[in-house]
Amino acid sequence: MVTDQLRALVRRYPLVRFATRRIRVHLPRRLGGLDPARVPPWSRRFTVALPRLDTDTRRCGPDSLTLELSGDLTVPRRLAEFGLARHEPDSLACFLAMLDHTRPGAVLDIGSGIGVYAALAAARSRRPVFAFEPTPEIASAARVVSATAELGFTVVELALSNHNGTAHLRRAAHNDMCNRLVHSSRTDLTHVAVDVATLSRWHESASTLPTVLTVDTAGTEPDVVAGGLEVLRRYRPWMLVKVRPDRGVEERLMALLEPLEYTWYPVSGPRPYVPVSEISGRASPAWERMWMFAPEPATERFWCSVDAWRAALDRCSPVAALS
């Protein structure tokens, strides 16, 4: 118990974590020493190339972003190593095609992390963009991304769910992409209290017209949908929703979405994706796990746009960012 609390303390505070690692690199392995080559830096500076269509003659928005973020964060580490070419490229291609083929309106990136989807929407469209991220240090990183190249998307430090008030956010032990709300009154060093609201309540004060949504909240996606049913019925936005298997997420999403008469597409395989009548987390590959929910069937023009964006993302490797 004491050991678990000490580990949680180290994980919770970046300065403590960094100092602990600096000490452990000088210890032998049998006493818990670390290989210095595998210890993340205090901060990570890298350049990420952004996709652009061959037909884009206006050249609006930046071609790349140079970021300096915490060395511990998962997504910056992956972007520095692989670029956008290997960061959910099929999902990103669908997202960018949505921006091209849906009516004007706001983009909501729910469970945004550092704001990859929000940054792309701000760089490749003129839409208002909102990134929802409840984890304090990750929301701070998202603000850094927003300020880079004057992207200017709005970071909302808020968890969206099916109720209003506060809740406990549990930090994942090894991957900050898996932080999630938990229904527990027990508090410890792995939990942080965060503000919570429904999408419908937030929309009342924000007065936006949402037309594109992404939802990736590490297993609480049905709660987000349940808290936004009024918004979904009224505005019928296009959605990308992460669906992880074996957590009851599929059944709850189907019960919520069936009355809305959306068309369901697993983001998987060759395009055009085939609509299905049952949601299964395993229908999309592990590196995507994303589903597209469209208010009407996607057209041939939409799939051509997805193909074009997918080809543009293939060129977004770290080498391309530096060239």
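This is a predicted model: local features need pLDDT of at least 70, side-chain atom pairs count only at pLDDT 80 or more; totals for chains, interfaces and linings use all residues.
1. Ala-218 sits in the loop between strand 10 and helix 8 (221–226). Its phi is near 60 degrees, a positive value in a residue other than glycine. Most residues other than glycine have a negative phi, and most peptide bonds are trans, so I'd have a look at the backbone here.

2. Ala-149 isn't a glycine either, yet has a positive phi of about 55 degrees. You'll find Ala-149 in the loop between helix 6 (136–147) and strand 5 (154–156).

3. Now a peptide bond to check. The one from Arg-271 to Pro-272 is cis, with omega near 5 degrees. Pro-272 belongs to the loop between strand 12 and strand 13. Gly-269 is in the loop between strand 12 (263–266) and strand 13 too, and Gly-269 is partly exposed at 39% relative accessible area. From Gly-269 to Ala-283 it is 14 residues in sequence and 9.6 Å in space, C-alpha to C-alpha.

4. For the overall picture, the protein chain has twelve helices and 13 strands. Of its 323 residues, 54% are buried. Taking contacts between residues at least 6 apart in sequence, 71% join residues at least 24 apart.

5. Asn-162 and Gly-227 are 65 residues apart along the chain, but their C-alpha atoms are separated by 4.1 Å. Asn-162 lies in the loop between strand 6 (159–160) and strand 7 (165–170). Leaving aside residues up to four places away in sequence, Asn-162 touches Thr-198, Asp-223, Ala-226 and Gly-227.

6. On to helix 4 (residues 89–101). Its length checks out: at 1.5 Å a residue, the 13 residues should span 18 Å, and the end C-alpha atoms are 18 Å apart, which agrees. Eleven of the 13 residues are buried, so helix 4 is largely enclosed by the rest of the structure. The buried ones are Pro-89, Asp-90, Ser-91, Leu-92, Ala-93, Cys-94, Phe-95, Leu-96, Ala-97, Met-98 and Leu-99.

7. What do the buried residues of helix 4 pack against? Among the strands there are strand 3 (106–110), strand 10 (210–215), strand 11 (238–242) and strand 13 (290–294). The helices are helix 5 (116–124) and helix 11 (300–314). Both helix pairs get a point of their own below.

8. Helix 4 and helix 11 first. They pack at an angle of about 130 degrees, with axes 8 Å apart, and are therefore oblique to each other. The crossing is right-handed. Helix 4 brings Pro-89, Asp-90, Leu-92, Ala-93, Cys-94, Leu-96, Ala-97, Met-98, Asp-100 and His-101 to the contact, while helix 11 brings Arg-301, Phe-302, Ser-305, Val-306, Trp-309, Arg-310 and Leu-313. By class, that gives eleven nonpolar, two polar and four charged residues.

9. Next, helix 4 and helix 5. Here the angle is about 35 degrees and the axes are 11 Å apart; this crossing is right-handed. The contact uses Ser-91, Leu-92, Phe-95, Leu-96 and Leu-99 from helix 4, facing Val-116, Tyr-117, Leu-120, Ala-121 and Arg-124 from helix 5. Eight of these residues are nonpolar, one is polar and one is charged.

10. Last, helix 11 from its own side. Its 15 residues should span 21 Å at 1.5 Å a residue, and the end C-alpha atoms are 21 Å apart, which agrees. Phe-302, Trp-303, Ser-305, Val-306, Trp-309, Arg-310, Ala-312 and Leu-313 are its buried residues. Their cover includes helix 4, helix 5, strand 11, strand 12 and strand 13.

How values were computed: Residues are numbered from 1 along each chain as its sequence is written. Side-chain values use heavy atoms; hydrogens and water are left out. Helices (H or I, at least four residues) and strands (E, at least two) are DSSP runs, numbered from the N terminus. The expected span of a helix is 1.5 Å times one less than its number of residues. Buried means under 20% relative accessible area, exposed over 50%, partly exposed in between (1.4 Å probe, protein chains only). Contact means heavy atoms within 4.5 Å. Axes are lines fitted to C-alpha atoms, for helices over the stretch in contact, and angles run from 0 to 180 degrees between N-to-C directions. Angles under 35 degrees count as roughly parallel, over 145 as roughly antiparallel, 65 to 115 as roughly perpendicular and the rest as oblique. A crossing is left-handed if the near helix is turned anticlockwise from the far one by less than a right angle, and right-handed if clockwise. Ala, Val, Leu, Ile, Met, Phe, Trp, Tyr, Cys and Pro count as nonpolar, Asp, Glu, Lys and Arg as charged, and the others, Gly among them, as polar.
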